[in-house]
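My entries follow in the order I made them.

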Amino acid sequence: MSVINQRNCQPCTACCEGWLDVQTPIAQAHLGTACSHCTSQGCGIYNNRPLDPCQSFHCAWRQEGSLLPYDMRPDLSGVIVMTDQLQWQGEDVIVAVATGARIPARTFHWLCSLAQLTSRQLVAVEHKQDADGFNGEFNLRTVGPEAFKEVMVTYFATKGFVTTSSSTQSVLEH
């Protein structure tokens with residue numbers, strides 16, 4: 001999908017703060033460790049950042065035709081939403097990655113409504129913490145049938161995620 005020119009990343013740096021894995025010769029970020037170029041004002045090398053993934057990655061908030069309102073920008077909503085990274089049964093899945101330990105309840109409920117409105121499945125990744133910080137374990141929350149949940153748990157396990165619990169949410173019909 002194309003990027004909406006009016007929606008600039010800056011000052012949001014959620015994808016650089018270690019919630020997504022970034023491994024390039026110039027920029028590295030992983031759970032609990034932000035990229036060294038990440039500043040409180042945005043990316044310190046924004047105009048010269050690496051093409052992949054830094055320039056090529058666009059969260060759903062920045063995509064053309066996005067249904068995400070302004071307050072769903074990752075640094076405001078507590079979640080990085082992606083709609084073009086994963087498919088199930090030939091349909092795009094809404095992937096939501098927490099920008100902290102948990103996705104705020106209001107944000108998660110909004111995403112559940114979006115999943116229902118767009119007839120998509122939703123998988124939410126939340127990070128587990130212990131006394132030393134984020135420990136690499138994750139909780140998965142899914143909105144969809146049991147078969148979807150099983151596929152997501154298996155998929156994320158192949159990506160190195162250690163899932164300690166998962167739950168399936170039901171979306172009520174109006």
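Which residue stands opposite Ala 96 in β8? I found Val 81 there.

**Ground rules.** This is a predicted model, so I note the limits: local features need pLDDT of at least 70, side-chain atom pairs count only at pLDDT 80 or more, and totals for chains, interfaces and linings use all residues. Residues are numbered from 1 along each chain as its sequence is written, and side-chain values use heavy atoms, with hydrogens and water left out.

**Strand β8.** I took helices (H or I, at least four residues) and strands (E, at least two) as DSSP runs, numbered from the N terminus. Strands pair if DSSP finds at least two bridges between them. β5 (residues 79-82) and β8 run antiparallel, with four bridges joining them. β8 and β9 run parallel, also joined by four bridges. Val 97 has Val 125 in β9 as its bridge partner. From β8 the chain passes through helix α3 (residues 105-118) to β9, a right-handed β-α-β crossover. Right-handed here means that, with the strands pointing away from the viewer, the path from the first strand over the helix to the second runs clockwise.

Next I checked burial (buried is under 20% relative accessible area, exposed over 50%, partly exposed in between; 1.4 Å probe, protein chains only). Why is β8 largely enclosed by the rest of the structure? Five of its five residues are buried. Ile 94, Ala 96 and Ala 98 point one way, Val 95 and Val 97 the other way.

I searched a 1 Å grid over the protein atoms alone. A pocket is an open set of points with protein on both sides within 12 Å along at least five of seven lines; a cavity is a set where a 1.4 Å probe fits but cannot get out; lining residues have an atom within 4 Å of a point. Points join across faces, edges and corners, and a volume is the space filled by probe spheres set on them.

The largest pocket holds about 950 Å³. Its lining counts 41 residues, with Trp 19, Leu 20, Asp 21, Phe 57 and Met 82 closest to the centre. α1 (51-55), β8 (94-98), β9 (122-130) and α4 (146-158) each give two or more residues to this lining. α1 gives the largest share, three residues. I sorted the lining by class (Ala, Val, Leu, Ile, Met, Phe, Trp, Tyr, Cys and Pro nonpolar; Asp, Glu, Lys and Arg charged; the others, Gly among them, polar).

**Second largest pocket.** Its volume is about 170 Å³. Gly 65, Ser 66, Leu 67, Thr 83 and Arg 120 lie closest to its centre, out of 14 lining residues. I count seven nonpolar, five polar and two charged.

**Cavity.** How many cavities of 30 Å³ or more does a search of the whole structure find? I got one. The largest cavity has about 130 Å³ of space. Of its 13 lining residues, Cys 9, Cys 12, Cys 15, Cys 59 and Arg 62 lie nearest the centre. The classes are nine nonpolar, two polar and two charged.

**Two buried residues.** Gln 63 sits in the loop between α1 and α2 (74-77). It counts as buried because its relative accessibility is 2%. Its side chain reaches the backbone oxygen of His 58 at 3.4 Å.

Gly 18 is in the segment before β1 (22-23). At 1% relative accessibility, Gly 18 is buried. Its C-alpha atom is 5.6 Å from that of Gly 32, 14 residues apart along the chain.

Definitions and conventions:
Polar contact = N/O pair within 3.5 Å; in protein donor to acceptor, adjacent residues only side chain to side chain.
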